[in-house]
Amino acid sequence: MHSQPPCSIWEEKLALRHSDLSPADQDALDKHLTGCQDCRMLRDNYRQMDEALNALPRATMKPFPRLLVQPQAREGENKGEPPLPTQPPAAAGSRQRHGHKHTKLSNRRQMVLSTTLMIGMVAILVLGLLNILTGNHTSGTAQLTFRLQNDYVSAIAWSPDGQFVATGSWNHSVMIWDAHTGAVITTYKDHSEPVDALAWSPNGQFIASGSWDHTVRVWQPSTGRTVQVYTGHNSEVSSLAWSPNGQFIASGSWDHTVQVWQAFTGRTVQVYTGHQEFVDAVAWSPDGTEIASGGRDSKVMIWNASSGITRLIYTYTISDPVDALAWSPDGKEIAFGGRNSQVQVYSTRIEKLLLVYRGHTQDIDALAWSPNGKYVASGSWDHTVRIWDAKSGATAFIYEGHTDLVDALTWSPDGKQIASGSWDRTAQIWSTGL
């Protein structure tokens with residue numbers, strides 16, 4: 001009675017494409033496959049490997065050699081060494097034969113598993129090569145996700161030297177962490193309510209944090225030691241801006257005021273009372289001469305930093321409060337956004353609306369202008385961060401790494417990364433690729 005050829009004879013032929021076999025080998029292999037499940041599994045895995053490779057983008061595909069089985073045996077033959085046996089020696093009893101069959105099937109399963117893993121690895125490597133060649137390999141890549149705040153992240157600020165990020169949370173704390181490793185440097189716990197605003201001093205030696213406990217605290221990030229507590233507000237403090245010369249802090253509050261005070265004495269310098277509703281955003285002009293504020297009364301106001309004289313540049317319709325502000329690095333433009341899901345850019349010199357950025361589908365809660373002035377970043381309740389070309393208003397990039405509303409944004413000092421804080425209880429550092 002004619003028996004099926006042993007599987008080891010066909011294992012190498014299975015590694016070849018069917019069309020590469022001679023007609024006689026094709027017929028013999030087809031007959032063998034009808035009675036050998038292990039070989040059929042091996043053939044199917046080779047087919048899956050071919051399909052995976054063929055599905056990869058042709059622009060970056062390079063020929064990949066097919067893996068052949070038993071390379072040691074072929075090496076031995078090439079060197080004149082005795083080849084590995086293709087059949088086991090005759091066994092004396094059924095127990096030995098059964099044991100060899102079990103070992104042989106286990107080896108084949110391992111080979112099938114190895115082949116499957118190889119397919120995945122090849123696909124990952126080639127797709128990685130595609131990203132490199134297209135030049136977009138860093139855009140939107142989350143490089144670090146910080147989860148230790150364990151509550152809504154409502155404030156975020158990057159240190160001037162680029163080494164650290166500060167995050168404020170609804171758990172009443174501020175955490176300073178290494179921007180490269182995520183290691184926690186300091187945890188500040190002197191607030192008794194959620195922390196809604198953060199600002200580093202221009203020299204990076206101090207942090208101001210504003211809270212729903214009605215206070216602003218100035219403290220050292222290296223030690224957590226409190227230097228000053230400002231108690232001039234009688235409601236939640238929602239926004240902060242440090243003057244470019246490092247001497248003063250502007251704070252916006254739900255008591256409808258913007259207050260300017262000396263950072264290290266706590267002495268009040270000015271109280272601006274033009275808003276009729278909560279003040280949710282403040283920004284100091286780059287030259288230090290003016291302060292902008294936005295409120296839920298749908299107004300953006302610009303104040304003289306020393307005299308308190310106001311200059312109203314725009315009023316939203318009554319249904320569109322202002323939740324975020326950002327001044328351009330050259331001081332000539334200001335961007336603001338809020339409940340109408342748009343970013344509006346105004347000239348502060350001629351008091352004229354220049355551009356409207358449209359794309360978000362929900363409220364805008366955070367804005368940040370890039371250090372080089374070319375881009376504006378906006379964070380929204382639609383869970384995304386959008387990067388806009390500042391001059392054209394075109395969307396340069398959309399970051400979708402968060403799973404809840406984005407409440408805070410800050411660019412790295414070199415403009416290559418953004419840190420975003422979200423109600424998904426994370427802060428993420430990611431590359432813009434711009």
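**Before starting**

The model is predicted, so local features need a pLDDT of at least 70 and side-chain atom pairs count only at pLDDT 80 or more, while totals for chains, interfaces and linings use all residues. Residues are numbered from 1 along each chain as its sequence is written, and side-chain values use heavy atoms, with hydrogens and water left out.

**Stop 1: confidence**

Colour the chain by pLDDT, the predictor's confidence in each residue, from 0 to 100. The protein averages a pLDDT of 81, and 72% of the residues score at least 70. Next, select residues 55–106, where pLDDT stays under 50. For this stretch the model has 48 contacts beyond four places in sequence, a contact being heavy atoms within 4.5 Å. Residues 122–138 also stay under 50, and here the model has 18 such contacts.

**Stop 2: the sheet β6-β7-β8-β9**

Strands here are DSSP runs (E, at least two residues; helices are H or I, at least four), numbered from the N terminus. Two strands pair if DSSP finds at least two bridges between them. Four strands form an open sheet in the order β6-β7-β8-β9, with antiparallel pairing. Select β6 (195–200) and β9 (226–230): these are the edge strands, and each pairs on one side only. From one strand to the next the twist averages 20 degrees; the axes are lines fitted to C-alpha atoms (for helices over the stretch in contact), and angles run from 0 to 180 degrees between N-to-C directions. Five bridges join β6 to β7 (residues 207–211).

**Stop 3: two aromatic pairs**

A search of the whole structure finds 16 aromatic pairs. Rings of Phe, Tyr and Trp (its six-membered ring) pair if their centres lie within 6.5 Å; planes under 30 degrees apart count as stacked, over 60 as edge-to-face and the rest as tilted.

Select phenylalanine 206 and phenylalanine 264. Their ring centres are 5.0 Å apart and their planes stand at 65 degrees, so the pair is edge-to-face. Phenylalanine 206 is in the loop between β6 and β7, and phenylalanine 264 is in the loop between β12 and β13 (268–272), 58 residues apart. Phenylalanine 206 is buried, with a relative accessible area of 16%, whereas phenylalanine 264 is partly exposed at 34%. Buried means under 20% relative accessible area, exposed over 50%, and partly exposed in between (1.4 Å probe, protein chains only).

Now select tyrosine 399 and tryptophan 430. Their ring centres are 4.0 Å apart and their planes at 5 degrees, so this pair is stacked. Tyrosine 399 lies in β25 and tryptophan 430 in β28 (residues 427–431), so the pair ties together parts that are 31 residues apart in sequence. Tyrosine 399 is buried at 3% relative accessible area, and tryptophan 430 is buried at 0%.

**Stop 4: tryptophan 254**

Tryptophan 254 is placed in the loop between β11 (248–253) and β12 (258–262). At 17% relative accessibility, this residue counts as buried. Show its side chain together with that of aspartate 280: a polar contact of 3.1 Å joins them. A polar contact is a pair of N or O atoms within 3.5 Å; within protein, one must be able to donate a hydrogen and the other to accept it, and residues adjacent in sequence count only if both atoms are side-chain atoms. Tryptophan 254 also belongs to an aromatic cluster with Tyr152, Trp170, Trp212, Phe278 and Trp423. The C-alpha atoms of tryptophan 254 and tryptophan 212 are separated by 9.2 Å, although the two are 42 residues apart along the chain.

**Stop 5: the sheet β22-β23-β24-β25**

A further four strands form an open sheet in the order β22-β23-β24-β25, with antiparallel pairing. β22 and β25 (395–399) stand at the edges, each with a single partner strand, so one side of each is left without a neighbour in the sheet. Five bridges join β23 (residues 375–380) to β24 (residues 385–389). Serine 378 stands opposite arginine 386 in β24.

**Stop 6: histidine 360**

Finally, select histidine 360, in the loop between β21 (352–358) and β22 (364–369). Histidine 360 is buried, with a relative accessible area of 7%. Its side chain makes a polar contact of 3.0 Å with the side chain of aspartate 382 and one of 3.5 Å with that of threonine 384. Beyond four places in sequence, histidine 360 touches residues including Ser378 and Arg386.
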